[in-house]
Amino acid sequence: MFTPLNRTTREMKINNVVLVTHALKSLGSATKAELAVATGLSVATCGTVLNELSGSREVLALEREVSRGGRPAQRYAYNPDYFSVLSIYVQGSDAAAQIVWTVNTAIGGCLAQGEERFLPQDRQGFYRLVAGILAQYPNITALGLGLPGVVVKGQVATCDISAFAGVPVEQELRDRFAIYVQVDNDMNYTAYGFYRSSCAGVTAPVAYIFKPEVPCLGCGMVINGQVLQGASQFAGEVSNLPFSGMDKLPVADEMSKVIVSLAAIINPMTIALSGPKISQALIPELLARCHQHIPQEHMPELVYRPSMRQDYLQGITELTLNNYNRHVAFSTQTGAH
């Protein structure tokens, strides 16, 4: 994500652009007055930003509202066709892997989606798939990629799919396709997608635990609307909790230890649970085990998610859109690349 170093007047103007575009996407359409309420900016400032964005067609001026005695207010909407974003993730292991993708408009609407087996597992084959999607949808200017592993600033430290392990995938994609790219691990994206679909606006911590077929656990956390990355992007690696023989425990024992740990450390309001070894029927047993250590008033709500697919894709899309919008705003206005 492109982040400014100093709060200059120019950067404040750019932040105003980011605030207005974000609010406009959230509201669907709005007048200058409605945007002022949503952003905390003045009506005049919102008008200045809207005039600039309308000139580039990033924002569309809609029909005026019906007059209520004065001059009818102009409504605006973000242009969904201004650009498109490719959200893509690779899941599985070296034994069997799958690629899932979706192309979305600039406001998140789905244009196309697909999935296929990832075989043979080599990055060149993956890049050929990406190239094919980009050729079919030339309006794509941003790409978000999710991988099952530890990703540190676009560099894949470890990955369940060895073709990506130790590779600077983010930079490789940027160099090949000359578009904005961000890469993160599967649980950060999935946790954010769940937060946005089920807990949007909540400031209390929210967590997401995934139990795959292989002996490990994945976890992502969102606090105050932000993904918790940690100092070295290691946050959520709950398989490293110091419980002996975790991977040999029954699922209920393993999961309850992680839930109790999260409750004691970040005190989440909600924990989503997903994976092939998780079911709705397991929730009462987990609650009973956790209540042995966590008082009822501190126990998070446990929510079963039959599949992580929609949460995962939504998380990739929304985080990529948010970060790309900031990247474009600062790069365009400051001349940074």
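Colleague: In which sense do β6 and β9 pair, parallel or antiparallel?
Modeller: In this predicted model, G144 has Q182 as its bridge partner in β9. That bridge belongs to a pairing of β6 with β9 which extends over six bridges, and its sense is parallel.

Colleague: How many of the residues of β9 are buried, and which of them lie on each side?
Modeller: In a regular strand, side chains alternate between the two faces of the sheet. In β9, Y180, Q182 and D184 lie on one side and V181, V183 and N185 on the other, and both faces are covered. The strand is therefore largely enclosed by the rest of the structure, the number of its buried residues being six of six.

Colleague: Which element gives the largest share of the largest nonpolar core?
Modeller: That core has 32 residues, and those with the most contacts inside it are F126 and L145. Several elements give two or more residues to the core, among them β3 (84–92), β4 (97–105), β6 (140–147) and β9 (180–185). The largest share is six residues, and the element that gives them is α4.

Colleague: How many residues does the second, separate core have?
Modeller: The second core is separate and includes A207, C219, I283 and L302. Its number of residues is 26.

Colleague: Which strands stand at the edges of the open sheet of five strands?
Modeller: The sheet has mixed pairing and the order β12-β11-β10-β13-β14. Within it, β10 (residues 206–210) and β11 (residues 218–223) run antiparallel and are joined by five bridges, with I209 standing opposite C219 in β11. Two strands have a single partner strand each, so one side of each is left without a neighbour in the sheet, and these are β12 (226–227) and β14 (301–305).

Colleague: Which helices lie on this sheet, and what angle does the direction of α8 make with that of β14?
Modeller: Helix α6 lies across β10, β11, β12, β13 and β14, and runs at about 50° to β11. Helix α8 (residues 283–290) also packs on the sheet, where it touches β13 and β14. The angle between the direction of α8 and that of β14 is about 150°.

Colleague: Why does the span of α6 agree with what its 13 residues should give?
Modeller: The helix covers residues 186–198, and at 1.5 Å a residue it should span 18 Å.

Colleague: Which residue caps the N-terminal end of α6?
Modeller: The helix is mostly covered, with ten of its 13 residues buried, including D186, M187 and Y189. At its N-terminal end, a side-chain oxygen lies 2.9 Å from the backbone nitrogen of M187, and the capping residue that supplies this oxygen is N185.

Colleague: Is R123 buried or partly exposed, and what is its relative accessible area?
Modeller: R123 is found in helix α4, and beyond four places in sequence it touches A163, F164, V167 and E172. A polar atom of its side chain lies 3.0 Å from the backbone oxygen of A163. Buried would require under 20%, so R123 counts as partly exposed, its relative accessible area being 22%.

Colleague: Does N325 count as buried or exposed?
Modeller: N325 is placed in helix α9 (residues 309–334), and beyond four places in sequence it touches K25, Y78 and F83. Its relative accessibility is 15%. The cut-off is under 20%, so N325 counts as buried.

Key. Residues numbered from 1 in each chain as written. Predicted model: local features only at pLDDT ≥ 70, side-chain atom pairs only at ≥ 80, totals over all residues. Heavy atoms only, no water. Helix = DSSP H or I, 4+ residues; strand = E, 2+ residues; numbered from the N terminus. Expected span 1.5 Å × (residues − 1). Buried < 20%, exposed > 50% of the residue type's maximum accessible area, 1.4 Å probe, protein only. Polar contact = N/O pair within 3.5 Å; in protein donor to acceptor, adjacent residues only side chain to side chain. Pairing = 2+ DSSP bridges. Contact = heavy atoms within 4.5 Å. Axes fitted to C-alpha atoms, helices over the stretch in contact; angles between N-to-C directions. Core = buried A, V, L, I, M, F, W, Y, C linked by side-chain atoms within 4.5 Å.
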